[in-house]
Amino acid sequence: MGSETLTVVDNRTGREYTLPIEDGTIRATDLGQISAVEGDGGLMSYDPAYLNTSSCRSAITYIDGDAGILRYRGYPIEQVAEQATFLETAYLLLEGELPTAPQLAAWEDDIRTHTYVHTNFAKFLDGFRYDAHPMGMLLGAVGALSTFYPDAKQIGDAESRYLQRVRLMAKLPTIAAWVFRHSRGLPFVYPRNDLGYIGNFVNMTFEIGGRHEPNLVLQRSLEILLILHADHEQNCSTSAVRGVGSSNVDPFSAVSAGIAALYGPLHGGANEAVLRMLDEIGDIANVPDFIEHVKGGGGRLMGFGHRVYKSYDPRAKLIKQVADQVFAETGLNPKLEIALELERIALEDEYFVSRKLYPNVDFYSGLIYQAMGYPTDYFTVLFALGRLPGWIAQWEEMLSDPEQKISRPRQTYTGYDVRDVVPIDARG
Ligand code: ACO
């Protein structure tokens, strides 16, 4: 093999430059030495939407989009989803290793003792309108947590960071459940220390009159969905957490930025959009027309396509298995028929095949959540619950990386050259 360098010739000047290649990348800042005229600031790389730019070094999640591979800290997602609990997965992402039994017990215990939120939090949530979108409430509420814990500003202190990590993991299910209750005009249910992480969340969400019969199949299915969503390297919301966190703001504020990014229909909002799309299609007989409509540029087939996965999304495969277990418990959802038919046609259609568009994690997750009793506008909240450990792990990794600074991209200016302000009555 030749040397790990890249030699480029600047045809504007005829000068040759040799740039080091490390881990398959060149440093964009190395381009700065390539200059045509003195004072031009040097060459920049232009990469809108970061299609081919590595923004950090990360040891958390590995994805090979062409091969359909996803690994957390080296462990294949299939094994993690089958063998680990959500809190074990969170520990793995955060600490880098799977916990031993005593480590897991201590981690679970730490979380159990922080599930309560300040009583003022109930008043805060009550301030939202009855029809407020659950994601809007969630992002506001998590941002508001920063006002309850001003000590979270001590981001340079490892003990404080651990405490905020525990607070976030412990309180998000409580807040998420209360957001659900608020939307339905139901009184808030307080956390129960005798229940596990998932069981407690489900109980706070669905308990009525002091009663809720747990369905362990549905609880484990929800847990698997959360595990499948737990991290996905530098996606839009994680990049938001890292970018906002790079200003050294507290983690509650940084995570609320992640929730805001996840809210969007091209990201976490896609599972909600899938259900709306299935409603719009209405009947299996309308599927061919809908496919033609999408191909004609009339919209996107929501739940299809992925920036990274270009063969298949390994999470979608696992989710289909979960769907079978859930529908065996709850009975078939008529929209599933429409979804299966959409998938069947799209996977054979040249338009989708040539663009490498396959079902992504969100294609079936919405149907599963609906079968579990969650309303459509709540699906993304469940995604946020799952993604939380990834956001925190990535935030902490960013803070401990000596190469990271405040995130501040460059731009290519395309506006006016300098001009003079004209008095208002002289403007035409
Ligand atoms: N339906 C129809 N056509 C599509 C779709 C789709 N879902 N996705 C991409 N395309 C087409 C585009 O129109 C484009 O076609 P063209 O080359 O003829 O112009 C081509 O495929 C490439 O699309 P891009 O937008 O360049 O792909 P990108 O990688 O930027 O987008 C994304 C990825 C945002 C996920 C996109 O596939 C999409 O919008 N999917 C639907 C929304 C969705 O399901 N999002 C969830 C993603 S998973 C997650 O966030 C957890």
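Modeller: Before we start, a polar contact here is a pair of N or O atoms within 3.5 Å; within protein, one must be able to donate a hydrogen and the other to accept it, and residues adjacent in sequence count only if both atoms are side-chain atoms. This is a predicted model, where local features need pLDDT of at least 70, side-chain atom pairs count only at pLDDT 80 or more, and totals for chains, interfaces and linings use all residues. Residues are numbered from 1 along each chain as its sequence is written, and side-chain values use heavy atoms, with hydrogens and water left out.

Biologist: Thanks! How far is the ligand oxygen from the side chain of R355?

Modeller: That oxygen atom is 3.0 Å from an N or O atom in the R355 side chain.

Biologist: And which residue has a polar backbone atom 2.9 Å from a ligand nitrogen?

Modeller: That's F304. A ligand nitrogen is also 3.2 Å from an N or O atom in the side chain of Y351.

Biologist: How many residues surround the ligand?

Modeller: There are 20, and the closest are R300, L301, G303, R307 and N360; a residue is included if one of its heavy atoms lies within 4 Å of the ligand.

Biologist: Switching to helices, how do α6 and α7 pack?

Modeller: Helix α6 (residues 158-184) and helix α7 (residues 197-206) pack at about 20°, with axes 8 Å apart. Helices are DSSP runs (H or I, at least four residues), numbered from the N terminus. Axes are lines fitted to C-alpha atoms over the stretch in contact, and angles run from 0 to 180 degrees between N-to-C directions.

Biologist: Roughly parallel or roughly perpendicular, then?

Modeller: Roughly parallel, therefore, as angles under 35 degrees count that way, whereas 65 to 115 is roughly perpendicular.

Biologist: Which residues of α7 make the contact?

Modeller: Y197, F201, M204, T205 and F206 of α7, facing a set from α6 that includes M169, P173 and F180. Contact means heavy atoms within 4.5 Å.

Biologist: What about α2 and α3?

Modeller: The axes of α2 (residues 86-95) and α3 (residues 101-112) come within 10 Å and cross at roughly 100°, so this pair is roughly perpendicular. L87, E88, A90, Y91 and L94 in α2 meet Q103, L104, W107, E108 and I111 in α3.

Biologist: And at what angle do α13 and α16 cross?

Modeller: Helix α13 (residues 314-330) and helix α16 (residues 362-372) cross at roughly 25°, their axes coming within 10 Å. They are therefore roughly parallel to each other.

Definitions and conventions: Helices (H or I, at least four residues) and strands (E, at least two) are DSSP runs, numbered from the N terminus. Angles under 35 degrees count as roughly parallel, over 145 as roughly antiparallel, 65 to 115 as roughly perpendicular and the rest as oblique.
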